[in-house]
Structures are given as structure tokens and as C-alpha cells.
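Here are a few friendly notes to read with the structure open beside you. Take the points in order, and look at each part as you go.

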Amino acid sequence: MSGTQVLEDAGVELTPGEKQVCAHDQVGQLAPYGVQVLLLRADARWKTAEVRQAADAVLNLHPVFRARLHRLAGGEMCRSEQAENRIGLAERPAKGLEAALAGMRFDLDGGAGAFACVAADAEGHLFGVALHPAFGDAGVLNAVALGFAHALTGEAGAAAPTSAAPAAEAVRDQLPGWREMLEDAACAVARLPHRHGGSEDVARGCAEQGLKPALADTLCREGAGVEARFAAALGIVLSRCSGQRDLRFATGSVRAQAVRRSEDILPLRLQIDPGSSAAAVLEQVQAELAKGRARTVPSEFLVQDMLRREGADRHPLGAVTLHVRRDAPLPDGLGFCAVPEPAAQGELLLLVRLCSDGRVILRASYARDLFEPALIGRFLVHLERVLEAGLADPEQAAGRIALLSREELGTLSAPYEDGAVNDPRAVHEIISDHARQTPDKTALISGGQEWSHGTLNRRANRLAHRLRTLGVGAEVPVAVMVERGNEAVMAILAALKAGGAFVPIDPDHPESRNHHILSDAGVQAVITRRRHLGKLPEGLKARILCLDDDPGAGQPETDPDVPIRRDQMAYIMYTSGSTGKPKGVAVEHGPLSDHLQDTARVYEMSSESRELPFLPFSSDGGHERWMNPLMMGGSAVIPDGPLWTPEQSFAAMRKYGCNNASIPTSYLQQLAEWASETGEGPEMRLYSFGGEGLAQATFDLLSRELRAPLLINGYGPTETIMTPMVWKVRAGTRFEGAYAPLGRAVGNRRAYVLDAQLMPCPVGVVGEIHLGGEGVARGYVNRPGTTADRFIPDPFAPELDGREGARMYRSGDLGRWREDGTIEFLGRVDHQVKLNGYRIEPGEIEAALLQQPGVSEALVLLREDGGEKRLVGYAVAPQKVQEEQLMRALEAQLPRHMVPSAIVVLERMPTNANAKVDRAALPLPGVRRRAGQGEAPAGEAEAAVLAVWREETGNPDMGVTDDFFDMGGRSLTALKVLARMRKAWPGTALTIADLFDAPTVRALTRRLEAGDATGRQAIALRGTGSRPMLYCFPGLLVSTREYLRLTAYLGEDQPVTGFLCHSLNEEKHLNVAVQDVVAPYVDHIRRQSAGRPCAFLGWSWGGLLAWEAARQLHGEVDLRMIGMVDVCDLGRDFAPGAVPRFDPGERETLEAELRAWLGKTRMRAQWDALIGAMDALCYEQFLRFIGNEAEPLPFDGPEVSSREHTFWVLIDNALVFRQYQLAQLDVPVASFSAGDTLSRGLSLVDWRQVSPRAAPAEVVPGTNHLHIIGDQLFHGRFKAALERAFEGV
Amino acid sequence: MTQPGPDQWICVRNSEGRWSVWPADLPVPAGWQAESAPADRGACLAEIEARWSDPRPEALQEAMA
């Protein structure tokens, strides 16, 4: 390919970049490109005439002011420069000049692409230029600025830039090297954290920040190397924000002085280890930038190449783009008022401008729906900090540069505000106080018994005195092996009053577990009942007291005089770890009492509080929820059975007048569902819950159905004492995110989200939740090593709180700070996986699965079977829930890299002995499982059909009741199957529609035998729904299955009909007219929707079919919208009037090739017919088309799926469509173009030319002509357009 | 994230006599004392397992003595 090809003597070929801009202009959507504006100010030292003269001089000098673009037949554009075409110099008012220039519009076909003017005001003069981005960019305008300056000062400037286009030679040789980088799965596109549920809409936001003067000054003096410095800082920030160590983003460049557009981007790959020094990252950037620029390629080629793969990143070169630009040096008295901006590509564009006055401005332009504005603002701050740190200490590790300031960390990690001072006494001391003050007030209700505070205290005292006689005192563990109830509470208080530490043991738990606890904790006394004695291990060296024997009999009822120290042990709680033996967590009195008092204030508790605690006594949360009301002088209703039905729970709440309830999240859902069904939920003041992630749908349900104004989501590992974090909200609150927020810390604690280097994560960035402050446990009993491993020094406490030697607990839970400073839960650290360079939290995907109707449990795993890593989702759901539906739903909700490659629906999760999910027992995904072999055929007909199906799908196990498409059948396979069946049953009008309706051997055979084959041209993709029908017109060689994803996305209420592709019909009619192709579609629509509203969708050449159908049906149906999806015209290949060119002798060679090939092909008759139907020009175009093909002509026809057949259909369609003229129609058109199609500069139909109600196209970036129909971003935009069109229906 | 990045760790101990581990290449937080030479994390934890014999805070040990 030569750099500049002369076309038809009219001008030179456009560069890929210029073509892309033109294609955007063509469909009415110039973004991401903008009109390029230069505005120079000259001060009053110059006279108006001098300024005019200089402006005139530069207009004469620079070729851009004489340039024109022209559209050739077939839509392609070329560029020419002619002396007589120079634009004039206008005069404009100075006020509002920049906006006026930015708002200039240009006619690309033959019109000027530039506008220039001068203006004057009190301060002097202005020289302004506006440029269409197809004509030039900053490189051109820099040359213009310098030319103007030289003309004004009379200095000899550089000669006018020559008219050479950017060299494009040999670029294709560079592709393999780039491909290697872009296809390396280890290197992922770096992104900033997206807003939950955000999508990349066209709307852009903007943020700007000037760097501190000292920093700006240093950077401005740096020279050419300054770009690498910004790229290194950006790489470090992105690495820190994404957790990726191997990443890429795009870097932009533009020629310093140019005559044409030269701006482009290239990917920059960086490998940033947290330990690499800032200097090492900088060196890497310098090397990579140099390497990349030595093999520069137009970015369009790279993007087109990558987007051929389905599932490629939407922004394969980078979602973040960096441009570093320095103002051209201007003489005294001249300055820039406005400089041109680069194309606002990708999710985030960062423009660094080094101004001539020494300022450095960071400017971010970002997809507004994807990012919180505050996040972008902080991103700019992070960049500045990393730049500063890298300059101040080049040896500092990249992973240790602080992104957050101390103040930010202080605010984010802070607990709920609470100025109160806690009572220094221990829990039981505070409780017994109420026995003195309100002895007759109810304290406990359980099993029909009601105990007053006085009764509770007297009984606990007597037992405590007895325990003292047994030697119980400080640091002595006392097991309480009594089922939940008043007596269990009394026994626990007795152990505390005696100075001991209680160890709760559930008598119903497995004996092996309980025996381990009794010996591991070293209990010296056991309080239990006679009936549990058999459950104690033989030879236990502990005193055993049975409550049935009234062990406190004869002991004093007064409080024992046992002083309690704050650092003394209060309890040991055993955690049910998923592996290994349970670990005992020891908690001291001081932190416990503080925690409870702090919590009581957050929960707004009082002596009137009456709580129904549902959490078991084997969890610390279960104890918090009775201690809390008793410490306030209130009461608790302790459920006596292990499980109450929702009915029983509500009855108890009502009977005893409860106002608080604390409930495991899993049970809460049942309660809410019951309340929803019966309307029997009692009025409560507060529900608190916790124990597992709470999905939005569940939260909405309980927020709506449980009648309580206050809801609290509690979170906390046992190691950090009960519920160190809570999220407290009013009912009806909505939250963004997979799970309800964990909230913020309670009491004298701090909650941090830290990365692997123990550095605080910025808001939105995933890290591990650490809990610091005084409210943490002492550690694990008998496990000093494990204690040291999990409780680590808190490096922030000295600075934030002045506390030295403080510890924090690493929770093993993943979270991220939300904008409001609360923390969101994202799953377990050890479940986090890495796939294709992306860090993925399966919890997020699981939450999305759980939101689907019918799904009750979900699990997502990274499987590595047979060497290939893939994400697999497991969902427990009724059989009617289909895997494909779930898949479509996830595709609509999650970023591409998070969508599992397969979903398996299960009746239930396999479990192991501990009742935990047995991950190893989860089945491999594959072709749908059935019980045993597929069902055998009944009768000859079924057997014959089954044989064909098995052979064509390559699935020998297929049975007669298996779904064709589930068993691996694809569109082209379907066609082959149909063709073979038609041969066997001649005379049947079987179409692919029949296969859709009757997708099993049995159903289709029945249809065949009954002679029910419809020959229909329409398929009901969704037959139900109250909205008007959407009719989908097929492109070339597509089946209607391509529309299934869109149909799923549009939702249950949107009926969709797909028409069969004319080219998939086996009977070929030559030279049919478009009018005839649509005739059956039109009939169908008329029958179904006459006089009613409906909408059309035309994809690819289907757009022309939709247009023709609309024309024929005009006035008969109420057509609300035609959605035109990437509809191109024929381009120059077959456009009428586009005369092809041949090199000398080339035409003859091609014709000889064609003849030789016709001698070989088995489709000779079809080809002869087709070629015979061509007129002379069309035949020339056909020869040219063959000559342009890189591959030799195929002769593998006439099978439907053969390349030759496809080729024939393509040419046949070209003949059909080249005769079709788009008529003028007054219909609403919403059009959508694939970014890739624009990038190829293909000629998209501008529907505004044929309908007054056509909107400019919406551009869907990161997808191509084939993939757009399945692209979620397109789905979102199409749905929005359809909703607008159906408004008021 | 389960095993923080750096390879070298040290044993540290605070004024209450509680032990932990800390990356060897970072400054020891205020209130903590280095108690060992750098080693891998497992070795440090094993050393703590051997040396931290009384889980009670030092003040409590004294009070109970």
C-alpha cells in the first residue's frame, strides 16, 4: 500500500484517521471528535492592519486553508488543495468568539474545512481559526499559530509545511508485533472503578486541575521527557486502582507541525510490580514509548484487528488515553486563549497541557455515566501525588506511594460519630445495677417464664458465689452448655460475676466439636443440665454443675465482690472455620463493655427496648443482642426452640410487645416473604441483621414488608467483637452495589480498606477490610502464631488517633469504600480470582445471579479443567429457569470480563460433611445433562431425522426430545439439517421457523408428518408482552438467532418477531427486486399489526428491507420507529457509477482467472446465471472485486455453509441492492453505528437524507458490524430509543 | 492478598507484650519493637509461636502475679 494514492485525478486518498472522522460526520455524530479551535491574542502593541496582514499571510501560507474534500461515487472521500480555493478572513466580535468558533459547522463534500477571523477588543486583537477535525488538528493549528507569530513579528519563520500525508508505508508489517501485545491475556486494559450499573453513554463529564506551581515549574523545565513522567504516574495510579500489575492504556501523539490530521493513539503496556521504584517505572515507560513509536501504525488498523474477536475489550488499545501537549513557543505579546483538544476517546481521556506561562493543567474528559465526578476529581489528585512522590524520591516503591492523605484516611475510616463517655464498668456490673434500680422490671422472657431484673440478678449471684468456691476467678474459662433461654443467660452472668470467662457451647452441636472446645479452652467448670452429661468427654478435668440440681442453693444473693480489670478475659467464642478445627477467640472485658455501650447508642436503645434476638448463642452476635437491652435496663425475649416459623416469630413479637428484633439475614427473607403474603408483620422500631451478604432485592423486600422505620446491617468477624461495623438506615433506602453496605465502624474502632502493601485504597478500589482500634479481640486461644498472623500492627493509629502499639485485624473479606465513606462487601479474599489479567470477585457475579427470578443460591468458580481457565456460574433454581436466560441476564448486567463462560442450573448445591458447599463436587459445564442417554426414536421417521441431526451436530448422544440449539446446533447447521430433511420429504415447505418452533426431533417430525410445515418467513422471538411488536429485518446470511440477546435484554413485556433471511432460502431467484424480497414480511406485518403501533429494526442490509417494508406499509401501520443498525450502502465496490481502475494488463489476467475458476466450480450454472445478469459496469466491478480479494476464489459450493455459497449470496445481494433507490419517507429513524464500521470509513447510510424525522446516528464504540447486534451497550441504547418511541402507547 | 507482598518480615512486640509480624522493609509502627532478624513470614510466625507463651497482656500478668 503506498502512502498517498491518487484517486481519479481528483485528489489524494484520506488516511485511516481522516476517513474515520468523515464517517462520523456522515452519520451526524462527530463525537468523539470536535471542531478544532485556535484562538490567539495579540496585545495592543500591534495595529489592526498588522494583525490582519499577518492573518492573511498565514492563510496564504498554510495549505489547510485551500484544502477541500470530495465525495466519490460509492461514498469514499478524497482530499485536494487548489490555489483558488483559499478561504477568506472574516471579522467577528471578540465577545463569545471561542464558543462561536467551537460551534462552526462545515460541509465536508466540497466545502471549506476551515474558518478564520480576526477580532478586536480593549486589550488588543484576537486571531481565531476553527477547523473541521477531518482537515486537521493540533499539529495543523500549531503550524498556523507559529506562522501567524512569524508574520506578525517579521521574523523569518520556517517554510510552509509541505503537503505530505503521514507516512503509512509498510504499516501492515508492524501488525504482528502489536497483535502479540494486544492478545496477551496477561496484559489487561486498565480502568478506574466504574459506578455500579453505569454504562458508557455518549454524555461526557469534565474535570480540571492545575498542578501546584512548584511541581508545574519542575515539569515544564523537563523538556521532551516530561511525557514519560506523566505516563509513568498514570501507570502507577491505574495499577493501584485496578490491582493489575500488567496493564495497558493509550498514549496520544500529534505532529508538532503538520498540514493534515496526524493525531493518533498507540497502546502502552507496563508491568508495574508494587516493589518497582518510581524511577524503574519511568525507565520502562521511556523504553516502551520509544519502542512503540518506532513501529507506529494507524490505531484504526489495530482496533479493527482486535474487534474481529467476539468478547474483545471495547477499547482494545486502552480505556484510558493520555495526551501530553505543550503550547508552541510564542513571542512576547502573543498568547493562547484556546488550544485544540484531542478526540475524547475511551472511557477517560486525560489531557496534560504544559502552558507557555508555566502552568500545567490536567484535564479529564470521561464517560459521565461510568464514573462518579468525585472519583475523577480524586484521580487527578492521586496523579499529582504520584508525580510529586516520584520526583521527590525516585527510589520509592510504586506500591508505597500514598494516594490518600491522612485527613482522607481519617474521614473514611472513622466510626459513627459519638461524643459520649462510656461507663468504665464491666457488662455484668452494668446489668446488675438495674436490679437495684428497677428490680421488678422484666428482664427476660423465655419458654413462658418471665424473669425480672431482680430475679435474674439474685439467681446469677448465687451461682457466681458457688463458682467462686470452685476456684473460678480471673482468666478461668467456664463452659456454659445450656440451650438458649433464661437460665443460659443467668449462667453466663454468673460466670462473669465470679470473674471467669464464659465459653458458650451449644449442646446440640456435634460432640467432637464440643469436646475439642472443652479441652482447647481449658475449661475448669462446666454449667450444664443433667440430660447433657452424657455429651461430656470422659476424663474431663473440670467441675460440673447441673442447673437441675440448683447449684446456687444456699449461696448469698448479693453481688459477689470481685473486681474486674479491663484487660481481663470475658469470654472465649469458638468460630466455625471452613477448614480445620474451630479456633477460640478470647475477648477482654474493657473492649466488650465499650462495644456494647457504643452499640446501644447507635441502635438508639433505652430501658424501653424489648429485643427478640434470633441469632444462636454459639455466635457472639447472639450474646450482643441480649446483653444490649439488659445493660439498658430493658428486656429480651429469648426464643426457646431452635427454629421458629415466621408465624411463630411474629406471634411472639406481638404477644410480648417486642420493638427490636435481630435476625440472621437468611431468615429475614422468609420473614419478609411471610409478612408480604399475610400482611401480618407487627410494627417494630428496629430490625438488625447480618451474618451474610444482603442482596438489593432482599433488602428491598424487607425494607418494604417489615414495618420498622430503622434497619441495621451488622457485620463483624468474631475477632473484632460482635458487630464492629454497622450500616444504619431508614427503611426505603436504596443502595448501589451487589450487597448492602457494611457501613462504618462502631465505637473506638477504625475500618480500613487496604491493598496487599497495607496501603489504604482510594474510594471504589477493592481491598481487604482491616479493623483497628480498641475493639478487637485478645487473640486466639493457644495459637500465638495465628494471632500474630491475623492481628497485625495498625500503622495508622499513631497518626490518626495518637495510639501507639495498636493492632488491627485482617478480616479476609474484600471490600471497597463507597462515596459516602461506608464500606461495601465483595466476598472473601481467598475466593478472589484472576482471569485474563483482571481481578474478579465472584461475589459480585453471584449477587447478579441471585437477582434473577427463581435463583435461590449462586456460586461462581474459576475452573481450570483441561488447562483452560474459565469462570463458571452455578445457580440453584427450578428447572424451568434456563441457563441461557441467566447468561443473557448476566451479559446485560456485568462487564464483559465478568460474564461466566458457562452457567449450570442445579437442583441443589452439593454439600460436604460440614454442610458447606462441596466445591469439588460441582459438575463440569457442558452440553446439557440429562438423565442417562437421549430418548430413543419411535418409528422410522423419527429415526431418520435423528440420524441427520446427530450427524450434523456431531452429537451422537442426542435424543428425540433434546433441543436442537441446546445440543450444539447453530444457524448454519440448521440450514444443512433442513436441506437434508427437505430432500427426504420433498414437497414440504419446511423453514428455519419450523425448527425454532419445534426444536426437537419428535416435535419437528410430528409437524412434518402432519404436513404442518408452515413455510413461514417469520419467527416469534417473543410472542407475548403488552407493548407494540418489534419486527427485526435480517442482514445478509444471518439467522434470526442473532436477535435472541437483544430480545432477552428488551424484557418480558416486549414482543419481538424476526424475519427469515432471504439469502438463507435455498431456492435462488435471480434478480429479485427488494420489493419482492420484503413482500412476505409485509404480508405478515399487515396481518398482525394493521392499524396498530409497531417498530422495525433493520440490521446491515436488513435496513434497506425495513425501509422498503415501511414504504409499502405507509399509512397502514402506526410505525413508531425504525431502528437502523449499522446500515451501509454498497460502497465503491458495486455502487452505480463507481468505475473501477485496473493496472495495465490486470483486467485481462483477472478475466482469465475467472474463466479458469468457472471451469472448476460445481456451482457453474448458478454463477453463469448471476454473471449473465450483470450489466457491463457491474461486470467490471465484479472483476475488480475479485482482484481485491486476498484469497483465491473458493470452489467448495454449493453446500449452504460453504465459502463459495456465501460468496455467491454476497454478489447476488449486491445485484439486488444496487438497483434499489431509497425513497423519501416521513418516518422516525433511530440509527446506530458500530465504532469499527466508522473506523473503516465505510459508507453508512445517512438516514437524515431520506427522512425529516431521522436522528443523527448513535455510535457504539468497541464493536463491529457483526457483533453490534449482540452488544450490551447497543442493547441499552436501542431499548432507550424504543422506550421513547413507544411513549404514550 | 492473603500473603502480603514482601518476602522478608520481622517479629514485632508492643508494650502490652502482644506479638505480630511486620514487613522488614517498612518502618516499624510507633509503639512496636523489632524482635527478630528478617525472615520469611512462616519463620517469623513459628518464632512467635515459640516465644509468646503467655497470652495475657503484661499488665494483667503483673496484677495476677
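1. Let us start with chain B, whose secondary structure comes to 2 helices and 3 strands. Here helices (H or I, at least four residues) and strands (E, at least two) are DSSP runs, numbered from the N terminus. From the N terminus on, the order in chain B is β-β-β-α-α.

2. Before going further, please keep in mind that this is a predicted model, where local features need pLDDT of at least 70 and side-chain atom pairs count only at pLDDT 80 or more, while totals for chains, interfaces and linings use all residues. Residues are numbered from 1 along each chain as its sequence is written, and chains are lettered from A and ligands numbered from 1 in the order in which they are written.

3. Chain B has a C-alpha trace that spans about 40 × 25 × 20 Å along its principal axes. Of its 65 residues, 38% count as buried (20 or more other C-beta atoms within 10 Å of the residue's own, with C-beta atoms placed from the backbone).

4. Turn now to chain A, which holds 39 helices and 49 strands. Its radius of gyration is 37 Å, close to the 33 Å that the globule rule gives for 1289 residues, so chain A is as compact as a globular protein of that length. The radius is taken over C-alpha atoms, and the rule is 2.2 Å times the number of residues to the power 0.38. In chain A, 50% of the 1289 residues count as buried.

5. How do helix H34 (residues 1146-1158) and helix H36 (residues 1176-1188) of chain A cross? Their axes come within 10 Å and cross at roughly 85 degrees; axes are lines fitted to C-alpha atoms, for helices over the stretch in contact, and angles run from 0 to 180 degrees between N-to-C directions. H34(A) and H36(A) are therefore roughly perpendicular to each other (the word covers 65 to 115 degrees).

6. Which residues meet there? On H34(A), they include Leu1150(A) and Leu1154(A), and on H36(A), they include Leu1183(A) and Ile1186(A).

7. Finally, look at where the chains touch: 30 residues of chain A are in contact with 29 residues of chain B (contact puts C-beta atoms, placed from the backbone, within 7 Å). Helix H21 (784-790) and strand S35 (791-793) of chain A each give two or more residues to the side that touches chain B, and H21(A) gives the most, with 4 residues.

Technical notes:
Two residues are in contact if their C-beta atoms, placed from the backbone, lie within 7 Å. A residue is buried if 20 or more other C-beta atoms lie within 10 Å of its own, exposed if 12 or fewer, and partly exposed in between; C-beta atoms are placed from the backbone. Angles under 35 degrees count as roughly parallel, over 145 as roughly antiparallel, 65 to 115 as roughly perpendicular and the rest as oblique.
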